[in-house]
Amino acid sequence: MSPTINRDRLLSEIQALASISEADPPVVTRIVFTPSDLKARTWMKACCEEAGLKVREDAIGNTFARWNGSDPAAPVVGTGSHIDAIPNAGKYDGVVGVLGGLEAIRALQQSGFRPKHSIELLIFTSEEPTRFGIGCLGSRLLSGTLSPDSARHLKDNDGATVDEVRRKAGFSGELDDVKLPGNYYKAFVELHIEQGPLLERQQTPLGIVTEIAAPASLRILIEGSGGHAGGVLMPDRRDALCAAAELILAIESAARNSGAIDTVATVGICDVFPGAVNSIPSRVRLSVDIRDTNLQRRDEVIRAIGATCDAIAATRQVSVHSKLLNADAPADCAPAIIEALSQSCRKHGLNFLPMVSRAYHDSLFMARIAPVAMLFIPCRNGYSHRPDEYASPEDIFRGTIVLAETLAALSA
Ligand SMILES: [Zn+2]
């Protein structure tokens, strides 16, 4: 069995999907449950059905396209990713894993291979947090990481709830039925662009992910006292922005001092009120993102930030309130899938890099209910989430062929 990728078909499908966008090329914008997302879903389902796959959708719109194995009751071998795209994005994030997954299945079909375990392509709903403020909505529900009740009431910027929006988009089933049973999967493999520069820098065509780092996010509100920038003298000030500045540097230090290169912390938002040149800042809101491959180490950083908040509140006479918005656990990838991926790489004489996924993916949540692993291909300059995101055809083909052979090995 040696599957052959139909290169022209795969590239033209990537192009075709990129053209279903809310923005002009080369920009791709495809927000969940907008007309462009729904059009892309319809197009994807037609491609899957044309390949003879049986398509089903759950109540949140996760789409499963199944190639039945000779033992249909045996646990499934899954692959897939997402097709939603943040505003002003490119055409490869998520899409390579979905269309590469579909092409891998078609290549196996044409090679004469017949799986024992069913092979299923999964297109996740809303990997990106753009609309509802939470990433991986579909996989969180599939894995039971997010309860249907919490999901139902999430709102978009127009105040519409997930429940209203999904029903309007035609997904009317029960959210309680989305969670998959623990024995559903034998394995789940996600092909994805790296979204970082390491593979390109080391001129290595493939990365095999061994661990997926997990994000935690905090929202911190600092309240001090405002006033006239000329009138209030320095000894009397309770400047919220000065307190925030001290805290931001302490957050940086907490991550740097964790003792591991895998600990990262970022303050990505700093809203200052009232934001006038001659007014002392009275209120500041910070958003903090903390990630690590090690749960204890990451949570230690969160505790250190909490202690610093208290200390700064006391010394600067301001109030500091910190709220933990989410704290997902990191995941280890499954040795058996890592081995299947490695074997295919070795067979083709392809170098690969064992690596950590520092961005999070649906696979992080699928790891709660399935053995998972991920396969990365390089992307130019590590650029992602921008219109000039680029993965070369050769890299996409290599990833797809290794994915196909891995699906075959796992489903035999
Ligand atoms: Zn992605």
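The following questions and answers concern a predicted model.

Biologist: Which residues coordinate the zinc ion?

Modeller: The donor atoms lie at 2.0 to 2.2 Å from the zinc ion. Along the chain the donors follow the spacing H-x10-D-x98-H. The NE2 atoms of two histidines and an OD atom of an aspartate are involved, and the residues are H82, D93 and H192.

Biologist: How many residues apart are D93 and H192, and where do they sit?

Modeller: D93 is in the loop between strand 5 (85-89) and helix 3 (95-111). H192 belongs to strand 7 (residues 185-193). Both D93 and H192 are buried. The pair links distant parts of the chain, with a separation of 99 residues.

Biologist: How many disulfides does the structure hold, and how far from C333 is the nearest cysteine sulfur?

Modeller: A disulfide requires two cysteine sulfur atoms within 2.5 Å. The structure holds zero disulfides. C333 is in none, and the nearest cysteine sulfur to it, that of C345, is 14 Å away.

Biologist: Is C379 buried or exposed?

Modeller: C379 is in no disulfide either, the nearest cysteine sulfur being that of C345 at 17 Å. Buried means under 20% relative accessible area. C379 has 1% relative accessibility, so C379 counts as buried.

Biologist: What should helix 2 span, and what is the distance between its end C-alpha atoms?

Modeller: Helix 2 covers residues 35-50, which is 16 residues. At 1.5 Å a residue, the helix should span 22 Å. This agrees with the distance between its end C-alpha atoms, 23 Å.

Biologist: Within what arc do the buried residues of helix 2 fall?

Modeller: The buried residues of helix 2 are S36, D37, A40, R41, M44, C47 and C48. Seen down the helix axis, these residues line one face of helix 2, because they fall within an arc of 135°.

Biologist: Which exposed residues are carried on the face of helix 2 turned away from its buried side?

Modeller: The buried residues of helix 2 pack against several elements, including helix 1 (7-18), strand 1 (28-30) and strand 6 (119-124). The face turned away from that buried side carries the exposed residues P35, K39, T42 and E50.

Biologist: With which side chain does the side chain of R152 make a polar contact?

Modeller: R152 is found in helix 5 (residues 148-152). At 17% relative accessibility, R152 counts as buried. Leaving aside residues up to four places away in sequence, R152 touches T161, V162, D163, L175 and D176. The polar contact, at 3.3 Å, is with the side chain of D149.

Methods. Residues are numbered from 1 along each chain as its sequence is written. This is a predicted model: local features need pLDDT of at least 70, side-chain atom pairs count only at pLDDT 80 or more; totals for chains, interfaces and linings use all residues. Side-chain values use heavy atoms; hydrogens and water are left out. Buried means under 20% relative accessible area, exposed over 50%, partly exposed in between (1.4 Å probe, protein chains only). Donors are N, O and S atoms within 2.8 Å of the metal (3.2 Å for Na, K and Ca); water is not among the atoms, so sites may look incomplete. Helices (H or I, at least four residues) and strands (E, at least two) are DSSP runs, numbered from the N terminus. The expected span of a helix is 1.5 Å times one less than its number of residues. The arc is that of the directions from the helix axis to the C-beta atoms. Contact means heavy atoms within 4.5 Å. A polar contact is a pair of N or O atoms within 3.5 Å; within protein, one must be able to donate a hydrogen and the other to accept it, and residues adjacent in sequence count only if both atoms are side-chain atoms.
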